[in-house]
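Grab a pencil and work through these exercises with the model open beside you. Each task is followed by a solution in steps.

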Amino acid sequence: MKNVTQKYRNKETVKSLVEKIREEAKKIEKKVTIMHVCGTHEHDIVKAGIRALLPKNVELIAGPGCPTCCVSALDIDEVLWLADHHNLTITTFGDMMRVPSSNESLYQAQARGMDVRVVYSIADAVNIARTHPDLDVLFFSVGFETTSCITAAEVLRVDLPNFSIYSSHKLVPPAMRLLLQRDDIEFQGFLAPGHVSTIIGTYPYEFIPREFHFPVSVGGFEPVDILLSIYSLLKQIRTDSPTVSNDYKRYVKPEGNVAAIKAMEKAFVVSDVRWRGLGTWPLSGSEISEDYAHIDAKKRFSIPKLEGKDLRSKCRCDEILIGKTKPQECPLFMKACRPDHPVGACMVSHEGTCNVAATYGSFLEEFQE
Ligand code: SF4
């Protein structure tokens, strides 16, 4: 693994790719904006200082890729309501603990006595339910296809009367479609997420060049992977030949992980879901299929319509999530909103665009001087 990593961080390869990118960018002449839709990409792009290597007319912007940043405050409100009214034990990933809801975070609810437990995976949550039949355990399941396939596997096999799932899962390709349909963001290429693509493959992106005449590169996370994807996108743009280029072939197969796809198709139905600050996006998420309604917390318990709000005053996470605003343009960035005191969801996780900017921003400015 060490050798593989070194190969994709090789200084000479990086230099040569940067040179090729500069040549392509020069030929294109106009400004090119590339959007990625992956929190890991934002983290690794900033950590490796990739933006500083790019020519002035090539910009990389972050779309809605951080799994916890996209979770609507109203979804957290509902989970808190369920715990309060049905005496549930809430289990979820650590990153969800400090994401703000309309009123409080799960962490704050835990401090006032709610039974909220951090787990590493849904299997841990199932195990809590199995070993504690006296508890009624809810797993708050968030994330894109990389996590929803694991949730799907449990949906298909778990059969415990004291276990249910609240699904807040999102889907990447429909989100890409909705981003392309917006006329308030301008960009010319998509860097598609490598890890989601190991699950779904490259076929689900094919509508993008076909319907939108728009280029896609499926990219990995090492500096060479990211630069290779940028080069691939620039070539597609210059030659006006959009396609889905698989630039992460060592892990991504066109057909993806067939068993995982089958499990997701069985366990879930594609549904309209809420995205933080962006309202309900049609057919952009996964709800548990009717066949498994017995473990769907939304069906097992009836949840009243809750009044809530997705954004705190002045927080611009909605615009951050679609690449319209940069963290530094938010009036609260590194003032009222900091990693140790997040006001918005994008400042919580190490994959959140604001958190990444806060963590590496000043270091990179110093480094680039
Ligand atoms: S800096 Fe904080 S308040 Fe501003 S957009 Fe980011 S998360 Fe929201």
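**Exercise 1. List the buried residues of helix H9, then say how covered that helix is.**

Step 1. The buried residues of H9 are Val-172, Pro-173, Ala-175, Met-176, Leu-178, Leu-179 and Leu-180. Buried here means under 20% relative accessible area, with exposed over 50% and partly exposed in between (1.4 Å probe, protein chains only).

Step 2. H9 spans residues 172-181, and with 7 of its 10 residues buried, it's mostly covered. Helices (H or I, at least four residues) and strands (E, at least two) are DSSP runs, numbered from the N terminus.

Step 3. Before going further, a word on the model: it is predicted, so local features need pLDDT of at least 70 and side-chain atom pairs count only at pLDDT 80 or more, while totals for chains, interfaces and linings use all residues. Residues are numbered from 1 along each chain as its sequence is written, and side-chain values use heavy atoms, with hydrogens and water left out.

**Exercise 2. Find what H9 lies across, and work out the sheet around it.**

Step 1. H9 lies across strand S1 (32-36) and S7, running at about 165 degrees to S7. Axes are lines fitted to C-alpha atoms, for helices over the stretch in contact, and angles run from 0 to 180 degrees between N-to-C directions.

Step 2. S1 and S7 belong to an open sheet of 5 strands, ordered S2-S1-S7-S8-S9, with parallel pairing. Two strands pair if DSSP finds at least two bridges between them.

Step 3. Strand S2 (58-62) and strand S9 (244-246) are at the edges with a single partner strand each, so one side of each has no neighbour in the sheet. From one strand to the next, the twist averages 25 degrees.

Step 4. Zoom in on one pair: S7 (residues 189-193) and strand S8 (residues 216-219) run parallel, joined by 4 bridges. Pro-193 has Gly-219 in S8 as its bridge partner.

**Exercise 3. Describe how helix H2 packs on helix H12.**

Step 1. Start with H12: this helix lies across S1, S2, S7, S8 and S9, at about 170 degrees to S8.

Step 2. H2 (residues 11-28) and H12 (residues 223-238) pack at about 20 degrees, with axes 9 Å apart. That angle makes H2 roughly parallel to H12 (under 35 degrees counts as roughly parallel, over 145 as roughly antiparallel, 65 to 115 as roughly perpendicular and the rest as oblique).

Step 3. Who's touching? Contact means heavy atoms within 4.5 Å. Among the residues making it are Val-14, Leu-17 and Ile-21 of H2, and Leu-227, Tyr-231 and Leu-234 of H12.

Step 4. Sorted by class, this contact has 14 nonpolar, 1 polar and 5 charged residues. Ala, Val, Leu, Ile, Met, Phe, Trp, Tyr, Cys and Pro count as nonpolar, Asp, Glu, Lys and Arg as charged, and the others, Gly among them, as polar.
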